[in-house]
Amino acid sequence: MTRRLFILALTMALAACATGPRLALWRRPSTPRPAEGLWAILDPGCRKPSLVDIGAWPKCASPFWISRGAAVVVRTRPGPGGTALDHSYRAEVSMAGDNPVIAEVGNSNDGHLYLALTRLARDDQGRLIGASGAAFACPGKTAGPISLAPNATGCESATREDVRRAATATLRDQGALTEVAWIAAGAP
């Protein structure tokens, strides 16, 4: 259930038509860079897949790829006559901070999703290869009666401190966190 909410939040954010500040402006040298390649979003209790063949993965694991600062999520759903329709979403990935790490996923056309990450695992080159996290929103501020660019998460116009407070509050509920794990190098 948590994975489905995470994927739904990611999908909605990529289709939200919001613009906002780039977290790259907040980047610090200690901010981890995610390993490129195939990743998995894991339901609670789901074992990390060891195979690159995503067709052999258990239903509790959902694939996504990170390559050259962008994430690609591929979703398949049944189409007419039993054919499969692929829907993929591509979004920029920017990470900032170190406690917690905050990831901003999206673009100026489709909107942004903000993720708070904790329990980071790094490889011997310092790249991020695993984490626990959750999507979060920032407390909304009252805008005027007309909004030309929707503020989907509230974080688009929030201060850095407001974003950090919202991320920290999200991480307090350890049971609501989703695991993500790097599987292998490669592209979709």
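What is the pairing when the bonded cysteines of the chain are numbered in sequence order?

1. The pairing is 1-2, 3-4. The model is a predicted one, and the count in it comes to two disulfides. The points below take each disulfide in turn.

2. Cys46 and Cys60 make up one of the disulfides, with their sulfur atoms 2.0 Å apart. This pair links distant parts of the chain, 14 residues apart: Cys46 and Cys60 are each in the loop between strand E1 (37-42) and strand E2 (61-67). The link of Cys46 and Cys60 is right-handed, with 65° about the S-S bond.

3. On accessibility, Cys46 has a relative value of 13% and counts as buried, because buried means under 20% relative accessible area. Cys60, at 22%, counts as partly exposed, since that class lies between the buried limit of 20% and the exposed limit of 50%.

4. Cys138 is joined to Cys155 by a disulfide, with an S to S distance of 2.1 Å. Both cysteines lie in the loop between strand E7 (128-136) and helix H2 (160-171), so the pair ties together parts that are 17 residues apart in sequence. The link of Cys138 and Cys155 is right-handed, with 95° about the S-S bond.

5. Buried or exposed: which applies to Cys155? Cys155 is buried, its relative accessible area being 1%. Its partner in the disulfide, Cys138, also counts as buried, at 7% relative accessibility.

Note on methods:
Residues numbered from 1 in each chain as written. Predicted model: local features only at pLDDT ≥ 70, side-chain atom pairs only at ≥ 80, totals over all residues. Heavy atoms only, no water. Disulfide = S-S within 2.5 Å. Helix = DSSP H or I, 4+ residues; strand = E, 2+ residues; numbered from the N terminus. Buried < 20%, exposed > 50% of the residue type's maximum accessible area, 1.4 Å probe, protein only.
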